[in-house]
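Here are my notes for you on this one. Have the model open while you read, and take the points in order.

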Amino acid sequence: MARKVAGTEVDYTPPIDAYGPFEGDERAIEERLWPFEEVEPEAKVPISHWSHSSLMSYLRNPLAWYKRYVERVYDMPSTPAGIIGRAGHVALQHFYGGIAKEGSIELGLEYLRGVPDFEINFGVAKTKKAQKEKRASMERDYLQAIGFYLARPPKYDVVDIEIKATATVEGLALPIKAVSDLVVKSKGHRGALDIIDHKFVDSFSKHGSTKTLFIIQALFNYYTVSETYQKPVKRFILHECKKRKNKDGGPQMKRYVIEYKKCAEEFKLFKQLINDATEDLKNRKVFLPNPSDMFEGENSFDIYRLGLAK
C-alpha cells in the first residue's frame, strides 16, 4: 500500500504481508523491490535502478544477472538456509510490529511451511522421504535460530518496519533502491535515525563491521532512508544470529555497527563503483557466465552453451 512519510510517498508493506532478505538470496530481496519499476531506464541501460543484490549479482555473474534483472526469470530454487533466513525475518517483522514472541515465531513457521517443494533446492535429498526429513530439519533449525534471537531481543524505538524506498543520488547515473528491516530512532542522537539489519548465519563474519559487503549494503540503505525521512541517519546496525548452537557455549548473536560519519572514503568508492558498473553495462555486448559462481555457475553456463542470452 502507498504511504506518505515526511511528505514522500513510499511503498510500505505491513509485517503480515512481507518477508525479509537473506544474504545471497537476491530473488527474495528483488521481489520486495519490484513495485519501483516505474522509473524509466536510462538510454542504452536495460535496468531502471541498482540495488545491493543487483549490483553484487552483476559483479559476480553477468549472465545470471541478465537472466534475473533484465529478463525477470526467477526459476532458481532457494536454498534451505535462505528460506530459514526469510522465515526468521518474518518472525522479527511481526515481533517488532507488536506481536508477542510466541505468535511471531508461529507466523515465521507458517511462512516456512508454506514454501512449496519445487521452490527449495534440496541438494542430495532426492526422494520424497529424504525431502520430508530435510524439511523437518529446516523447521528445527528455524525454531532454534529464532529462539536464540528472541531469548534477549535487542530493544529499539521503531519508526518503520520493512521499508522499501528509492533515492536519486547526486553524482549517480541511475537511482538506487533498498529495503530496510527496521528504521529506528537513534539512541543518543535526538531527531536522528538508525537502520537495523538482521542476518541468520551458519558462522559469524570474520571482518565484522569492516566487511565490504556489509558496508556497500549500508550505503544503499543510507541514501534511501535519508531521502525518504529527510532526517539524519547515523548508523547501520547489523545483528548476526548463528543458527546452530555454539559448542563452547559462546554468544549466539553478534552486533556490528557501521557509523556513517566515519565512512567518507567508502561513500566516494560507492559512487565510483556504481558509476563504473553503469558504464560497463552501457558498453557491454556479451553477458558472460561465471562457472565458478557457487550460486548459479552451472545454470548460467548452460544458458551460455545453448545461446539463449543472444
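**Notes on a strand and some rings**

1. Strands β6 and β7 (residues 233-242) run parallel and are joined by nine bridges; strands pair if DSSP finds at least two bridges between them. Opposite Val233 in β7 you'll find Leu193. Between β6 and β7 the chain passes through helix α7 (residues 212-229), in a right-handed β-α-β crossover. Right-handed means that, with the strands pointing away from the viewer, the path from the first strand over the helix to the second runs clockwise. Helices (H or I, at least four residues) and strands (E, at least two) are DSSP runs, numbered from the N terminus.

2. A word on the source: this is a predicted model, where local features need pLDDT of at least 70 and side-chain atom pairs count only at pLDDT 80 or more, while totals for chains, interfaces and linings use all residues. Residues are numbered from 1 along each chain as its sequence is written, and side-chain values use heavy atoms, leaving out hydrogens and water.

3. Is β6 (residues 193-201) buried or exposed? Nine of its nine residues are buried, so β6 is largely enclosed by the rest of the structure. (Buried is under 20% relative accessible area, exposed over 50%, partly exposed in between, with a 1.4 Å probe and protein chains only.)

4. Strand β5 (residues 176-185) runs antiparallel to β6, with four bridges. Leu182 has Ile196 in β6 as its bridge partner.

5. Ring pairs link Trp50, Tyr58, Trp65, Tyr66, Tyr69 and Phe287 into a cluster. Rings of Phe, Tyr and Trp (its six-membered ring) pair if their centres lie within 6.5 Å; planes under 30 degrees apart are stacked, over 60 edge-to-face and the rest tilted.
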